[in-house]
Amino acid sequence: MKIFFSDQPVLQPLADKLLSSVEIFKTTLSDLSESDKIRKQLLTLYPTCQINFDLQDCDRILRMEGQFNNEIVIAILLSQGYQCEMLD
């Protein structure tokens, strides 16, 4: 799935499914510069969210707090070649 940030045609159908919550995702991301790049992409879509990575954790955690759609977050990481799944 390609993600386009300029007009976001792929993301539009999911726009109504925004959740206000705190979610923790397990990722395969290990590079600090890549995590900064993905963080900026996520902030483009969700400018009011708190977003951070803990790459020192064995699960290479992505933590998001605010209004966002879990499916979109996962799709963005997958489109960049990384695995991503929500932790319980």
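## A walk through the predicted fold

The protein chain has an accessible surface of about 5,400 Å², and carbon and sulfur atoms account for 47% of that area. Please keep in mind that this is a predicted model.

Let's begin with the overall layout. Two helices and four strands make up the secondary structure of the protein chain, and along the sequence they come in the order β-α-β-β-α-β. The protein chain has 88 residues, of which 35% count as buried. If you look at contacts between residues at least 6 apart in sequence, 66% of them join residues at least 24 apart.

Next comes the interior. In soluble globular proteins, nonpolar side chains tend to be buried together. Here the largest nonpolar core holds 19 residues, and those touching the most other members are Leu42, Tyr46, Leu62, Met64 and Val73. Helix 1 (32-45), strand 2, strand 3 and helix 2 are the elements that each give two or more residues to this core. Which element gives the most to this core? That is helix 2, with four residues.

An α-helix has 3.6 residues a turn, so residues three or four places apart point the same way. After helix 2 comes Gly81, which has a positive phi, near 95°.

| Residue | Relative accessibility | Class |
|---|---|---|
| Cys49 | 6% | buried |
| Cys84 | 10% | buried |
| Asp57 | 28% | partly exposed |

Why does Cys84 count as buried? Buried means under 20% relative accessible area, and Cys84 is buried because its value is 10%. Cys49 is also classed as buried, because its relative accessibility is 6%. How many disulfides does the structure hold? The count is zero.

Asp57 belongs to the loop between strand 2 (50-54) and strand 3 (61-68). With 28% relative accessibility, Asp57 is therefore partly exposed. Ser30 lies 27 residues away from Asp57 along the chain, and the C-alpha atoms of the two are 10.0 Å apart.

Terms used
Residues numbered from 1 in each chain as written. Predicted model: local features only at pLDDT ≥ 70, side-chain atom pairs only at ≥ 80, totals over all residues. Heavy atoms only, no water. Buried < 20%, exposed > 50% of the residue type's maximum accessible area, 1.4 Å probe, protein only. Core = buried A, V, L, I, M, F, W, Y, C linked by side-chain atoms within 4.5 Å. Contact = heavy atoms within 4.5 Å. Areas by Shrake-Rupley, 256 points an atom, 1.4 Å probe, with all protein chains shown as cover. Disulfide = S-S within 2.5 Å.
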